[in-house]
Amino acid sequence: MEASDERISAIEKSLRSLSPKDAAYRWHLAEAIAIGTSWFLTNDKDIIKKTREELIAVGVVQRVR
């Protein structure tokens with residue numbers, strides 16, 4: 001599945017409030033969302049903290065777990 005750069009860019013801008021440490025990481029997450037992936041694996045503790053309501057719950061960002 002492919003997504004346009006415009007769609008990815010719009011999603012990337014919406015992710016800025018999560019403050020991923022680098023733009024490339026944010027772009028990869030935006031690509032994953034744009035193509036409708038269900039999962040995105042990360043070790044970025046800041047993202048994990050900002051997207052989980054409870055310590056044991058799986059985080060969700062724009063319907064991506």
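Q: Is the crossing of H1 and H2 left-handed or right-handed?
A: This is a predicted model, so everything here is read from predicted coordinates. Two packed helices are described by the angle between their axes and the distance between the axes. Here the axes of H1 and H2 come within 8 Å and cross at roughly 115°. As for its hand, the crossing of H1 and H2 is right-handed.

Q: Which residues in H2 meet H1?
A: From the H1 side, the residues taking part are Asp 5, Arg 7, Ile 8, Ser 9, Ile 11 and Glu 12. Sorted by kind, the residues of the contact of H1 with H2 come out as six nonpolar, one polar and five charged. The partners on H2 are Arg 26, Trp 27, Ala 30, Glu 31, Ile 33 and Ala 34.

Q: What does Glu 12 touch, not counting residues up to four places away in sequence?
A: Glu 12 is found in helix H1. With a relative accessible area of 6%, which is under the 20% cut-off, Glu 12 is buried. Its side chain also has a polar contact of 3.1 Å with the side chain of Arg 16. Leaving out residues up to four places away, Glu 12 touches Arg 26, Trp 27 and Ala 30.

Q: How far apart are the end C-alpha atoms of helix H2?
A: Helix H2 has twelve residues, 23–34. At 1.5 Å a residue, the helix should span 16 Å. The model agrees with that, because the end C-alpha atoms of H2 are apart by 16 Å.

Q: Which residue caps the N-terminal end of H2?
A: Look for a side-chain oxygen that lies 3.1 Å from the backbone nitrogen of Ala 24. The residue supplying that oxygen, and capping the N-terminal end of H2, is Asp 22.

Q: Just after H2, which residue takes a positive phi?
A: Now go to the other end and step just past H2. There you'll find a phi of about 80°. The residue is Gly 36.

Q: What covers the buried residues of H2?
A: The buried residues of H2 are Tyr 25, Arg 26, Leu 29, Ala 30, Ala 32, Ile 33 and Ala 34. Their cover includes two other helices, one at residues 5–14 and one at 45–51. Those are H1 and H3.

Q: Which side chain makes a polar contact with the side chain of Tyr 25?
A: Tyr 25 lies in helix H2 and counts as buried, because its relative accessibility is 19%, under the 20% cut-off. Tyr 25 and Asp 44 are 19 residues apart in sequence, with 9.7 Å from C-alpha to C-alpha. The polar contact of the Tyr 25 side chain is 2.4 Å, and its partner is Thr 42.

Q: How far apart in space are Leu 18 and Thr 51, C-alpha to C-alpha?
A: Leu 18 is found in the loop between H1 and H2, and it is buried, with a relative accessible area of 13%. Beyond four places in sequence, Leu 18 is in contact with Ile 47, Lys 50, Thr 51 and Val 61. Leu 18 and Thr 51 are 33 residues apart in sequence, while their C-alpha atoms are apart in space by 8.4 Å.

Q: Leaving aside its neighbours within four places in sequence, what is Val 61 in contact with?
A: Val 61 lies in the segment after H3. At 13% relative accessibility, Val 61 counts as buried. Its C-alpha atom is 12 Å from that of Ala 34, 27 residues away along the chain. With close sequence neighbours set aside, the contacts of Val 61 are Leu 15, Leu 18, Ile 33 and Thr 51.

Methods
Residues numbered from 1 in each chain as written. Predicted model: local features only at pLDDT ≥ 70, side-chain atom pairs only at ≥ 80, totals over all residues. Heavy atoms only, no water. Helix = DSSP H or I, 4+ residues; strand = E, 2+ residues; numbered from the N terminus. Expected span 1.5 Å × (residues − 1). Buried < 20%, exposed > 50% of the residue type's maximum accessible area, 1.4 Å probe, protein only. Contact = heavy atoms within 4.5 Å. Polar contact = N/O pair within 3.5 Å; in protein donor to acceptor, adjacent residues only side chain to side chain. Axes fitted to C-alpha atoms, helices over the stretch in contact; angles between N-to-C directions. Left-handed = near helix turned anticlockwise from the far one by under 90°. Nonpolar A, V, L, I, M, F, W, Y, C, P; charged D, E, K, R; others polar.
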